[in-house]
Amino acid sequence: MRFCRMLEQAGMSGNRSRFIVRRIFGEEFRIVKTDPTMARYITLLNKFYAQFQRIGNNCAPVKAI
């Protein structure tokens, strides 16, 4: 039961052998948790930034050559 929890927390539920090797040989072990609400927020923020970038590109003065 504990093994399954650790495997799930590591996000490696599909690759048990890799998980075991990392635990035995002491490789760096990270637990990455993603927050779905944060992902939506970042997506909206990127779209908002892109709008400002388009406005800046349209308003940039064009230099004559």
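**View 1. Burial and overall fold of the predicted model.** Of the 65 residues in this predicted protein, 6% count as buried, meaning under 20% relative accessible area with a 1.4 Å probe and protein chains only, whereas over 50% is exposed and values in between are partly exposed. The accessible surface comes to about 6,400 Å², with 58% of it belonging to carbon and sulfur atoms; areas follow the Shrake-Rupley method with a 1.4 Å probe. The secondary structure comprises 3 helices and 0 strands (DSSP runs of H or I, at least four residues, and of E, at least two, numbered from the N terminus).

**View 2. The nonpolar surface patch.** Met38, Tyr41, Ile42, Leu45, Phe48, Phe52 and Ile55 make a nonpolar surface patch of about 730 Å². Patch residues have over 30% relative accessible area and no salt bridge, and nonpolar side chains are joined within 5 Å; a salt bridge places a side-chain nitrogen of Lys or Arg within 4 Å of a carboxyl oxygen of Asp or Glu. Met38 lies in helix 3 (residues 36-59) and, at 43% relative accessibility, is partly exposed.

**View 3. The aromatic pair.** The structure holds 1 aromatic pair. The ring centres of Phe48 and Phe52 are 4.9 Å apart and their planes stand at 90°, so the pair is edge-to-face (centres within 6.5 Å, planes over 60 degrees apart).

**Notes.** Residues are numbered from 1 along each chain as its sequence is written, and side-chain values use heavy atoms, without hydrogens and water. In this predicted model, local features need pLDDT of at least 70 and side-chain atom pairs count only at pLDDT 80 or more, while totals for chains, interfaces and linings use all residues.

Terms used:
Patches are made of residues with over 30% relative accessible area and no salt bridge: like charges are joined within 9 Å, nonpolar side chains (Val, Leu, Ile, Met, Phe, Trp, Tyr) within 5 Å. Rings of Phe, Tyr and Trp (its six-membered ring) pair if their centres lie within 6.5 Å; planes under 30 degrees apart count as stacked, over 60 as edge-to-face and the rest as tilted.
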